[in-house]
2 protein chains.
Amino acid sequence: MTVTSPKGFRAAGVAAGLKSTGALDLALVVNDGPDATAAGVFTANRVKAAPVLWSQQVIKGRAVKVVVLNSGGANACTGPGGFQDTHSTAEYVASRLGGMGAGQVAVCSTGLIGERLPMPKLLAGVDGATKALAKAGGFAAAEAIMTTDTRPKVVEVVTGDGWTVGGMAKGAGMLAPSLATMLCVLTTDAMAGGDALDEALREACRVTFDRLDSDGCMSTNDTVLLLASGASGVEPTQEELTAAVTRACHDLAQQLLADAEGHTKQIAIEVVNADSEDDAVIVGREIARNNLVKTALFGKDPNWGRILAAVGCTDAVFESDELNVAINDVWICRAGAAAEDRGKVDLSGVEVRITVDLNAGDHSATVWTNDLSHAYVHENSAYSS
Amino acid sequence: MTVTSPKGFRAAGVAAGLKSTGALDLALVVNDGPDATAAGVFTANRVKAAPVLWSQQVIKGRAVKVVVLNSGGANACTGPGGFQDTHSTAEYVASRLGGMGAGQVAVCSTGLIGERLPMPKLLAGVDGATKALAKAGGFAAAEAIMTTDTRPKVVEVVTGDGWTVGGMAKGAGMLAPSLATMLCVLTTDAMAGGDALDEALREACRVTFDRLDSDGCMSTNDTVLLLASGASGVEPTQEELTAAVTRACHDLAQQLLADAEGHTKQIAIEVVNADSEDDAVIVGREIARNNLVKTALFGKDPNWGRILAAVGCTDAVFESDELNVAINDVWICRAGAAAEDRGKVDLSGVEVRITVDLNAGDHSATVWTNDLSHAYVHENSAYSS
């Protein structure tokens with residue numbers, strides 16, 4: 001149940017010495033075809049890492065034969081030299097594997113910002129990974145892209161129609177809109193053109209990764225790639241393709257949520273009866289980013305007043321005296337004022353569901369987030385330099 | 001050096017029993033004239049507390065004779081009954097003091113959201129405060145509006161031209177744009193019309209309280225009032241009035257920053273060479289709200305990569321390879337990449353100055369914030385229910 005679940009893919013994960021711990025830190029995912037169509041979605045951050053700038057160009061060709069990924073360094077804010085490092089990596093991978101140009105090699109990096117990668121180690125790692133490429137290499141690849149993740153994230157969606165979607169992702173902090181800080185490679189053995197893949201991937205990201213907002217911070221390196229080998233010989237409809245890719249992305253997004261840095265709660269914010277889906281997402285996101293809401297939930301405090309204060313910071317359509325709020329199905333606020341006894345809200349579990357009824361229409365959306373805990377502060381004040 | 005510093009004002013602070021601790025929790029500020037002109041600025045949150053809705057109406061008349069303030073309860077999200085409580089309070093104050101209508105009584109409340117105020121206690125407190133009104137009552141009033149503040153905030157600006165501005169404020173958390181969660185009453189014995197006061201107050205707030213963003217959370221109750229008695233007999237120019245009120249607001253804003261919940265750092269984010277002042281504020285605000293930047297500074301980590309990632313989330317005018325960043329005057333990032341040795345940055349002190357050079361124009365602005373610490377999480381997960 002990894003990137004190598006669909007037919008036509010091999011992968012590898014090796015220790016190139018980029019991480020001081022000696023853990024796996026370099027991965028390859030190879031599409032053996034017969035097709036090599038691809039699509040990609042990238043961070044909306046205007047400060048983009050070198051591998052993002054590179055892979056955005058690669059994906060325009062709609063053809064990707066290999067993805068090379070490293071942890072242990074983001075290669076972001078590294079100037080022209082950093083971009084050259086990415087370019088050299090792609091060229092080296094293409095020459096080692098043969099039968100392709102550097103323009104068919106996507107590159108992803110994750111780790112600290114602002115430092116150049118140790119290229120001799122990285123290229124030696126590519127040699128090792130090339131030799132290790134195997135159908136069974138998906139798990140090692142997923143492990144090699146971990147940073148502060150405590151476990152690899154992998155997925156497999158078997159459609160029952162003879163084709164499959166597989167995937168892997170990493171990301172445990174800096175999770176935010178327009179993609180969590182994450183790298184994600186999805187694979188499928190469906191026959192699908194680049195435009196079909198692009199449509200499926202954009203729609204899937206829109207309702208999954210884009211609605212995961214762990215800590216409101218958008219990364220420089222976010223990348224989601226979808227590669228199709230066509231090896232199943234089956235060509236699904238656009239609807240079938242989008243549905244399967246969305247299922248895979250949803251599954252991975254929930255794994256990211258469940259492994260977010262230092263959380264004690266996994267919070268689904270469901271905004272209902274909104275004037276538009278955009279309004280629902282805007283309100284959900286504002287609540288997800290509110291540190292007072294997040295600390296209250298860490299403290300097991302059903303503080304609906306802070307939720308209302310967050311809603312009030314948006315320009316969504318609503319009247320403040322028509323807002324209803326439930327936490328874990330207890331409607332503690334109705335018509336903008338106290339309703340059911342807050343003592344009835346049980347916040348002892350890991351999963352929390354906040355429902356906000358805007359009373360303004362019939363659209364809805366769910367945004368996922370985590371609480372703000374001592375462990376989050378610890379991990380993010382200690383990480384890095 | 002309080003609201004009673006200017007001629008023509010009396011104040012009082014008493015314990016009405018709204019706080020379970022028995023601390024002072026109800027304040028009156030009375031303008032004895034001869035003038036009673038006033039201006040006000042209120043939260044931009046669309047979920048507004050009852051006293052905000054009331055005082056917004058009062059201030060339209062540009063005449064305020066008394067401000068009654070309470071801590072121990074925000075009277076926010078309390079429905080029509082909560083608004084009636086505010087109305088009754090104003091009527092009661094007007095009848096007890098005489099010579100005015102309820103429409104000249106502004107009301108401010110602060111504390112927990114979502115609970116009705118204990119009106120019998122509150123009105124008995126008004127009785128006590130009325131008897132305690134004195135020229136020396138300014139400090140007690142400042143103490144009575146504290147919530148999680150560890151100390152009262154007061155100010156006095158003596159202009160040297162025979163007139164003075166005095167003030168008090170409260171606010172230690174939920175500090176954010178479009179006013180920190182705070183109550184602030186400013187007084188002056190200058191002769192000034194309502195429009196002149198309004199212009200002075202808006203400009204002062206724009207460059208002080210509006211640029212204080214402790215934790216990105218905007219309150220339902222923020223209120224800043226400016227009352228003029230005219231008792232000095234001096235009519236300053238608009239420029240002089242604005243300058244003095246701005247000095248008073250700046251001083252109080254810095255006191256709020258220095259008393260923010262659980263902080264270990266007071267951070268000035270100076271954005272220079274921006275295309276516009278708006279751009280400078282937007283970039284400063286984005287950095288101020290970034291939890292990864294805030295936790296890094298708590299950890300004494302000069303993590304300029306996180307600062308660049310925050311800048312990249314804005315739509316300000318800049319090119320990512322032309323950004324320069326200094327922390328405490330060490331230019332650790334130039335042209336979007338590493339420059340001076342980060343080891344040179346000394347983050348051992350309380351005060352931190354981040355300078356971001358956008359290289360896009362000649363405008364600048366400073367936004368102030370705090371770090372994100374264990375104590376912040378503790379205080380905000382424990383506060384309330």
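Between chain B and chain A, the count is 12 residue pairs in polar contact, both residues at pLDDT 80 or more. Polar contact here is a pair of N or O atoms within 3.5 Å; within protein, one must be able to donate a hydrogen and the other to accept it, and residues adjacent in sequence count only if both atoms are side-chain atoms. On the chain B side, α8 (291-298), α9 (304-311), β13 (337-338) and α10 (374-382) each supply at least two of the residues that touch chain A. The largest share of that side, 6 residues, comes from α10(B). Helices (H or I, at least four residues) and strands (E, at least two) are DSSP runs, numbered from the N terminus. By class, the side of chain B that touches chain A divides into 24 nonpolar, 22 polar and 7 charged residues. For the classes, Ala, Val, Leu, Ile, Met, Phe, Trp, Tyr, Cys and Pro count as nonpolar, Asp, Glu, Lys and Arg as charged, and the others, Gly among them, as polar.

Some bookkeeping. This is a predicted model, in which local features need pLDDT of at least 70 and side-chain atom pairs count only at pLDDT 80 or more, while totals for chains, interfaces and linings use all residues. Residues are numbered from 1 along each chain as its sequence is written, chains are lettered from A and ligands numbered from 1 in the order in which they are written, and side-chain values use heavy atoms, with hydrogens and water left out.

Back to the chain interface. 53 residues of chain B are in contact (heavy atoms within 4.5 Å) with 53 residues of chain A. The area buried between the two chains is about 4,100 Å², with 58% of it from carbon and sulfur atoms. Buried area is the accessible area (1.4 Å probe) that two parts lose on being put together, summed over both. In chain B, Arg46(B), Leu292(B) and Val377(B) lose the most area to chain A, together 16% of what that side buries. How many salt bridges does the rule find across the interface of chain B and chain A? The number is 0, where a salt bridge is a side-chain nitrogen of Lys or Arg within 4 Å of a carboxyl oxygen of Asp or Glu.

Next, the domains within chain A. The assignment gives domain 1 (9-258) and domain 2 (266-382); such bounds come from an automatic or database domain assignment. Their centres, taken over C-alpha atoms, are separated by 32 Å. 17 residues of domain 1 are in contact with 15 residues of domain 2, and the two domains bury about 1,400 Å² between them, 44% of it on carbon and sulfur atoms. Across this domain interface the rule finds 2 salt bridges. Elsewhere in the list for chain A, the side chains of Arg206(A) and Glu277(A) meet in a salt bridge at 3.0 Å, N to O.

Now helix α1 of chain A, residues 50-60. Just after α1(A), Arg62(A) takes a positive phi of about 60°.

Last, Lys153(B), in strand β6 (residues 153-158) of chain B. Buried or exposed? Lys153(B) is buried, with a relative accessible area of 1%. Its side chain joins that of Asp149(B) in a polar contact of 2.6 Å. Leaving aside neighbours within four places in sequence, Lys153(B) is in contact with residues including Ala142(B), Met168(B), Leu252(B) and Asp259(B).

Terms used. Buried means under 20% relative accessible area, exposed over 50%, partly exposed in between (1.4 Å probe, protein chains only).
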